[in-house]
Amino acid sequence: MTEQKPAKKRPDYTAHAVVPGSGDTPTRFIRIGVGFNLKNGGVSVLTDAAALSGHVILVGIDGEPPALNGFKHGAPLHAPHFTASMVRDNGNESYWTDIGQASRQDGYLSVHVAVWPTAGKIILSQPREQA
């Protein structure tokens, strides 16, 4: 009798670090990880490397990074669609620290963080209502 292994979930996104250009050097994207949609509407981002610029884009798994012509490196001017957090699990408790924000752009998610978690995991969640 053969034992069936649970099917691995296919990622929903590829994560690309944005490396801003300067002078004659163009902006470029380096693939550093993947992202998975969460049941609560958020996204879990897992990376193998840190984006030193603090800017990552998530592109649909079958999509291509945006064209560099006209690509904007800075944060968008509208309210963010997600809060970016790093999460540390400690037994039965989780410790969440907000580290940035993310917004939907034309065909991708743009994530801007102030720090990069050493565990390489960022959770994007819908912003909490202000009290």
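Student: Before we start, what counts as a helix or a strand here?
Tutor: Both are DSSP runs numbered from the N terminus: helices are H or I with at least four residues, strands are E with at least two. Residues are numbered from 1 along each chain as its sequence is written. This is a predicted model, where local features need pLDDT of at least 70, side-chain atom pairs count only at pLDDT 80 or more, and totals for chains, interfaces and linings use all residues.
Student: Thanks! How many helices and strands does the protein have?
Tutor: There are zero helices and eight strands.
Student: And how much of the protein is buried?
Tutor: Of its 131 residues, 36% count as buried, meaning under 20% relative accessible area with a 1.4 Å probe, protein chains only.
Student: Let's look at β7. Is that strand mostly covered or open?
Tutor: Strand β7, residues 108-113, is mostly covered, with six of its six residues buried. Y108, S110 and H112 point one way, while L109, V111 and V113 point the other way.
Student: Which way does β4 run relative to β7?
Tutor: Strand β4 (residues 55-60) runs antiparallel to β7, and five bridges join them; two strands pair if DSSP finds at least two bridges between them. V59 stands opposite Y108 of β7.
Student: What about β6 and β7?
Tutor: Strand β6, residues 93-105, also pairs with β7 in the antiparallel sense, over six bridges. There, A102 has V111 as its bridge partner.
Student: Which residue in that hairpin takes a positive phi?
Tutor: G107 does, near 85°, in a hairpin with two residues between the strands.
Student: Switching topic, what box do the C-alpha atoms fill?
Tutor: Roughly 60 × 45 × 25 Å, taken along the principal axes.

Key. Side-chain values use heavy atoms; hydrogens and water are left out. Buried means under 20% relative accessible area, exposed over 50%, partly exposed in between (1.4 Å probe, protein chains only).
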